[in-house]
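The following exercises are to be worked with the sequence and the coordinates at hand. Each task is followed by a solution in steps.

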Amino acid sequence: MKTKRKIEIAVISDVHLGTYGCQAKQLLTYLNSISPKKLVLNGDIIDIWQFKKRYFPKSHLRVIKKIMDMASDGVEIIYITGNHDEMLRKFSDMIIGNISIVDKKVLDIDGKKAWIFHGDIFDVSIQNAKWLAKLGGYGYDLLIRINSLVNWFLVKMGREKYSLSKKIKNSVKGAVKYINDFEKVATDLAIEKGYDYVICGHIHQPKMKTVENRHGKTTYLNSGDWIENFTALEYQFKRWKLYNYDNDKLRAFYADSDVKEMEVKDLIAAVTVIEQKHKKKSKSLNKSPTKDGNRM
């Protein structure tokens, strides 16, 4: 078995577990290939908007189990909430073992400050017309399913896969303008606040670029997604890099054998252990005495 790559920080976003477009097997392969000190989950990891009880495959459960195993092994897990998993915002600033849930995070990295958030705060359609944004989410999921069928035929014919949604997003002027506006607002704010890095997700567009204006400069990073791009951000040796699963020639890691053989009921039991621990912790906090000696 090959040695896992040791990295300081890994950032992934827009996994959308619970949807047909989610490529959980590729993500699990990636997570099994790295040994990070910190793993930042930058929003939309679980797609609560489109969650269906009838669709949550074993591979999706394995991703959750893998993340929890990493936390148990000492990896600091920072879960930053996004719009598709906004329900978790009611638990913001909660810490359970090595897992913390926050809406945004500022990390001090080798003397520089990294401002990390999902990015939906900049999305006017999300803030002012949530029902329209959800409708768009369902349409995107349908497009991904159609694209999967098209690609199945293309592979059978010996041709390369093709991304319909990428083609649409890159050719529609409004979409291109939105992405450019998103990046400009994020970098302008980061420069104003004095952050060296601004790290986002949300728009499913992996990117690294340095932006400078008359007030200063910052580095914009977007971790992309695990639906089409299969990308992540990695920090090691005082530099960031954009990891691309499709370009990785050393993908020799697959699902852990013990996880791979687990039945669905065992996976569910494994991933709910943390919930049971949280309940016990909550009870102990409720029983803890206040300053005047009374029980809370």
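**Exercise 1. A salt bridge of E234**

With which residue does E234 form a salt bridge, and how far apart are the closest N and O atoms?

Solution. The model is a predicted one.
Step 1. The partner of E234 is R5, and the closest N and O atoms of this salt bridge are 2.8 Å apart.
Step 2. Locate both residues: E234 belongs to strand β11 (residues 231-236) and R5 to strand β1, so that the pair links distant parts of the chain, 229 residues apart.
Step 3. Assign the burial of each side. A residue counts as buried under 20% relative accessible area, and as exposed over 50%. E234, at 3%, is therefore buried. R5, at 27%, falls in between and is therefore partly exposed.
Step 4. A search of the whole structure finds 10 salt bridges.

**Exercise 2. The partners of E183**

Determine which residues K207 and K209 are joined to by E183, and state where each of them lies.

Solution. 
Step 1. E183 forms a salt bridge with K207, in which the closest N and O atoms are 3.1 Å apart. This pair connects helix α6 (residues 173-193), which holds E183, with strand β9, which holds K207; the two residues are 24 residues apart.
Step 2. E183 also forms a salt bridge with K209, with the closest N and O atoms 2.9 Å apart. Because E183 lies in helix α6 and K209 in strand β9, this pair ties together parts that are 26 residues apart in sequence.
Step 3. Compare the accessibilities. E183 is buried, with a relative accessible area of 1%. K207 is partly exposed at 27%, and K209 is partly exposed at 30%.

**Exercise 3. The open sheet**

In what order do the strands of the five-stranded open sheet follow one another?

Solution. 
Step 1. The order is β6-β7-β8-β10-β9, and the pairing is mixed.
Step 2. The edge strands, each of which pairs on one side only, are β6 (104-109) and β9 (207-213).
Step 3. From one strand to the next, the twist averages 20°.

**Exercise 4. The nonpolar cores**

How many residues make up the largest nonpolar core, and which have the most contacts inside it?

Solution. 
Step 1. This core has 30 residues, and those with the most contacts inside it are Y30, L31, L39, I77 and W226.
Step 2. Trace the elements that contribute. At least two residues each come from β1 (5-12), α1 (24-31), β2 (34-42), α2 (58-72), β3 (76-80) and β5 (99-102). Helix α1 gives the most, with five residues.
Step 3. Inspect L31: apart from neighbours within four places in sequence, L31 is in contact with L39, V63, K66, I67 and M70.
Step 4. A second, separate core has 16 residues, including I80, L107, L221 and Y235.

**Exercise 5. The setting of H60**

Is H60 buried or exposed?

Solution. 
Step 1. H60 is found in helix α2.
Step 2. Its relative accessible area is 1%, so H60 is buried.
Step 3. Leaving out residues up to four places away in sequence, H60 touches L17, G18, T19, C22, A24 and Y55.

Methods: Residues numbered from 1 in each chain as written. Predicted model: local features only at pLDDT ≥ 70, side-chain atom pairs only at ≥ 80, totals over all residues. Heavy atoms only, no water. Core = buried A, V, L, I, M, F, W, Y, C linked by side-chain atoms within 4.5 Å. Buried < 20%, exposed > 50% of the residue type's maximum accessible area, 1.4 Å probe, protein only. Helix = DSSP H or I, 4+ residues; strand = E, 2+ residues; numbered from the N terminus. Contact = heavy atoms within 4.5 Å. Pairing = 2+ DSSP bridges. Axes fitted to C-alpha atoms, helices over the stretch in contact; angles between N-to-C directions. Salt bridge = Lys/Arg side-chain N within 4 Å of Asp/Glu carboxyl O.
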